[in-house]
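Subject: Structure handover and findings

Dear colleague,

Please find below the structure I promised to pass on, together with its sequence.

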Amino acid sequence: MFLATKAANPKMSNWNSLIHILCYLNHTRNKKLTFNPLYCDQIMMYTDASHNLHDNSHGQTGITIYIGNNDACVYNISRSQKIAAASSFDSEAIACDEGTKEIMKIIELARFIGYNPQIVIRTDSQPLITTVMKTMPSV
């Protein structure tokens with residue numbers, strides 16, 4: 001996660017973030033993750049990016065993938081982008097591209113075990129959504 005990238009030279013804000021995470025984990029330690037195979041009708045992916053976040057001008061990608069109605073988180077990652085994007089739009093596109101590669105593996109597995117789920121991809125980048133919708137063939 002992003003906080004781990006600050007371990008070598010942490011600031012007070014990083015310490016506060018760590019305390020917040022530890023408090024959350026402490027208060028939720030008795031909660032259980034459940035997965036109900038009866039509700040495997042969709043796979044949902046959320047992507048987000050931060051542009052020019054790191055000292056090398058690279059952005060940060062976040063990807064979370066759920067199976068079911070946000071029942072089971074099956075993939076979650078936050079990592080530095082491999083290239084420096086020219087804009088926020090490009091950072092969001094990189095995150096969505098990385099997420100698409102991950103969700104395709106999960107779709108393949110779901111179909112292999114007999115499920116044909118609806119695929120939902122969410123991003124908070126309206127320009128990216130608009131661009132993708134313009135390039136899609138009309139139905």
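A contact, as the word is used throughout this message, means heavy atoms within 4.5 Å. With neighbours within four places in sequence set aside, Thr47 is in contact with Gly62, Ile63, Ala95, Cys96, Gly99, Arg122, Thr123 and Asp124.

Before going further, please note that this is a predicted model, in which local features need pLDDT of at least 70 and side-chain atom pairs count only at pLDDT 80 or more, while totals for chains, interfaces and linings use all residues. Residues are numbered from 1 along each chain as its sequence is written, and side-chain values use heavy atoms, with hydrogens and water left out.

Overall layout

The protein chain has three helices and four strands, taken as DSSP runs numbered from the N terminus (helices being H or I, at least four residues, and strands E, at least two). Along the sequence these elements follow the pattern α-β-β-β-α-β-α. Of the contacts in the protein chain with a separation of 6 or more, 58% are accounted for by residues 24 or more positions apart. Of the 139 residues, 28% are buried, where buried means under 20% relative accessible area, exposed over 50%, and partly exposed in between (1.4 Å probe, protein chains only). The chain exposes about 9900 Å², and carbon and sulfur atoms supply 59% of that area; accessible areas come from the Shrake-Rupley method with a 1.4 Å probe, and for residues only the protein chains shown count as cover.

Strand E1 and its partners

Two strands are said to pair if DSSP finds at least two bridges between them. Strand E1 is joined to strand E4 (residues 118-123) by six bridges, and the two run parallel; within this pairing, Met44 has Val120 in E4 as its bridge partner. E1 is also joined to E2, here by eight bridges and in an antiparallel arrangement, and Met45 stands opposite Ile65 in E2.

The nonpolar core

A nonpolar core is a set of buried Ala, Val, Leu, Ile, Met, Phe, Trp, Tyr and Cys residues joined through side-chain atoms within 4.5 Å. The largest one here has 10 residues, namely Cys40, Ile43, Met45, Ile63, Ile65, Ile67, Ile103, Ile106, Ile107 and Ala110. Strand E1 (42-50), strand E2 (60-67) and helix H2 (88-112) are the elements that give two or more residues to this core, and the largest share, four residues, comes from H2.

Salt bridges

Side chains of opposite charge can pair when their charged atoms come close. The structure holds three salt bridges, each defined as a side-chain nitrogen of Lys or Arg within 4 Å of a carboxyl oxygen of Asp or Glu.

- Glu98 and Arg79 meet through their side chains at 3.4 Å, N to O. Glu98 lies in helix H2 and Arg79 in strand E3 (residues 72-80), so this pair ties together parts that are 19 residues apart in sequence. Glu98 is buried at 11% relative accessibility, whereas Arg79 is partly exposed at 25%.
- Lys101 pairs with Asp97, their closest N and O atoms being 3.2 Å apart. These two are four residues apart in helix H2 and are therefore separated by about one helical turn. Lys101 is exposed at 52%, and Asp97 is partly exposed at 41%.
- Glu102 and Lys105 meet at 3.3 Å, N to O. They are three residues apart in helix H2, again about one helical turn. Glu102 is buried at 15%, while Lys105 is exposed at 52%.

Met12, Trp15, Leu18, Ile19, Ile21, Leu22, Tyr24 and Leu25 make a nonpolar surface patch of about 810 Å². Patches are made of residues with over 30% relative accessible area and no salt bridge, with like charges joined within 9 Å and nonpolar side chains (Val, Leu, Ile, Met, Phe, Trp, Tyr) within 5 Å. Tyr24, one of the residues in this patch, is found in helix H1 (residues 12-27) and counts as exposed because its relative accessibility is 53%.

With best wishes
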